[in-house]
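Hello,

Here is the structure I promised to pass on to you. Please open it alongside this message, and then read on for what turned up in it.

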Amino acid sequence: MQDILQVGAVTSTHGIAGEVKVFPTTDDPNRFKKLKKVLIDTGNGMRELEIVRVKFFKNMVILKFRDHDKIEDVMPYKGKELYVTRENAVKLKKNEYFIADLIGMEVYTEDGDKLGRLRNVLQTGANDVYEVELEDGREVLIPAIRQCILEVDTEHAKMTVHLLEGLLE
């Protein structure tokens, strides 16, 4: 499991007073209202930034950081990703998982046979779909529904699935 989780990416500056436009990569952009700090990957390691103001514009979040009062202060952040520590992550309900914790999991059938590795999570609206790379290089798409996903063990990075008829054909 990862210690930090991505919540957004800085797309550009906003105005000349040190604000940035952030594309949220979280299911709930309103969570930025409650965030006090974020981490930014500067390319030379992580830097903690204190959030002093949050606004919303269309599908973007506008953030203002403490001690960043000019456009020049935030220009280096353009294109950089924002993260939170696991302690500052949203609380998950039962049977909910962070995508970052699912990617890379070993996937097994209910019979104990290794199926492959979870490569991607596709968010379709109705339910997520897990893209699993099989041992032979092919891929299978498994709907993230109770009938298919029998067990998820994030601590051991292991998932057990039931394959519906026709999924491997």
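One term is needed before the rest: helices (H or I, at least four residues) and strands (E, at least two) are DSSP runs, numbered from the N terminus. Please also keep in mind that this is a predicted model.

Let me begin with the overall picture. The protein has two helices and twelve strands, and from the N terminus on their order is β-β-β-β-β-α-β-α-β-β-β-β-β-β. Along its principal axes, the C-alpha trace spans about 60 × 30 × 25 Å. Of the 169 residues, 35% are buried. The accessible surface comes to about 10,500 Å², and carbon and sulfur atoms account for 47% of that area. Among contacts between residues at least 6 apart in sequence, 47% join residues at least 24 apart. As for charge, there are 25 positive and 30 negative charges, and their mean positions lie 11 Å apart.

Six strands form a closed barrel in the order 1-2-5-4-3-6, with antiparallel pairing. On average, neighbouring strands of this sheet are turned by 50° against each other, direction ignored. One of the pairings to look at joins strand 1 (residues 4–14) and strand 6 (residues 81–85), which run antiparallel and share five bridges. There you can find Ile4, whose bridge partner in strand 6 is Thr85.

Strand 5 holds a residue worth a click, Ile62. Is Ile62 buried or exposed? Its relative accessibility is 2%, below the 20% cut-off, so Ile62 counts as buried. Thr11 is 51 residues away from Ile62 along the chain, yet the C-alpha atoms of the two are separated by 10 Å.

Strand 7 runs antiparallel to strand 8 (residues 114–123), and three bridges join the two. They form a hairpin with four residues between them, and Gly112 in the turn has a positive phi of about 95°. Strand 7 also pairs with strand 12, here in the parallel sense and over four bridges. Val107 shows both pairings: its bridge partner in strand 8 is Gly116, while in strand 12 it stands opposite Met159. As background, strands of a sheet pair through backbone hydrogen bonds, either parallel or antiparallel.

Most residues other than glycine have a negative phi. Asp67, however, has a positive phi of about 65° although it is not a glycine. Where does Asp67 lie? Asp67 is in the loop between strand 5 (60–65) and helix 1 (71–74). With 65% relative accessibility, which is over the 50% cut-off, Asp67 counts as exposed. Ala157 is not a glycine either, and its phi is positive too, at about 50°. You will find Ala157 in the loop between strand 11 (149–153) and strand 12 (158–161). Its relative accessible area is 32%, so Ala157 is partly exposed.

I hope this helps you find your way around.

Best wishes

Notes
Residues numbered from 1 in each chain as written. Predicted model: local features only at pLDDT ≥ 70, side-chain atom pairs only at ≥ 80, totals over all residues. Heavy atoms only, no water. Buried < 20%, exposed > 50% of the residue type's maximum accessible area, 1.4 Å probe, protein only. Contact = heavy atoms within 4.5 Å. Areas by Shrake-Rupley, 256 points an atom, 1.4 Å probe, with all protein chains shown as cover. Lys, Arg positive; Asp, Glu negative; His and termini not counted. Charge placed at Lys NZ, Arg CZ, Asp CG, Glu CD. Pairing = 2+ DSSP bridges. Axes fitted to C-alpha atoms, helices over the stretch in contact; angles between N-to-C directions.
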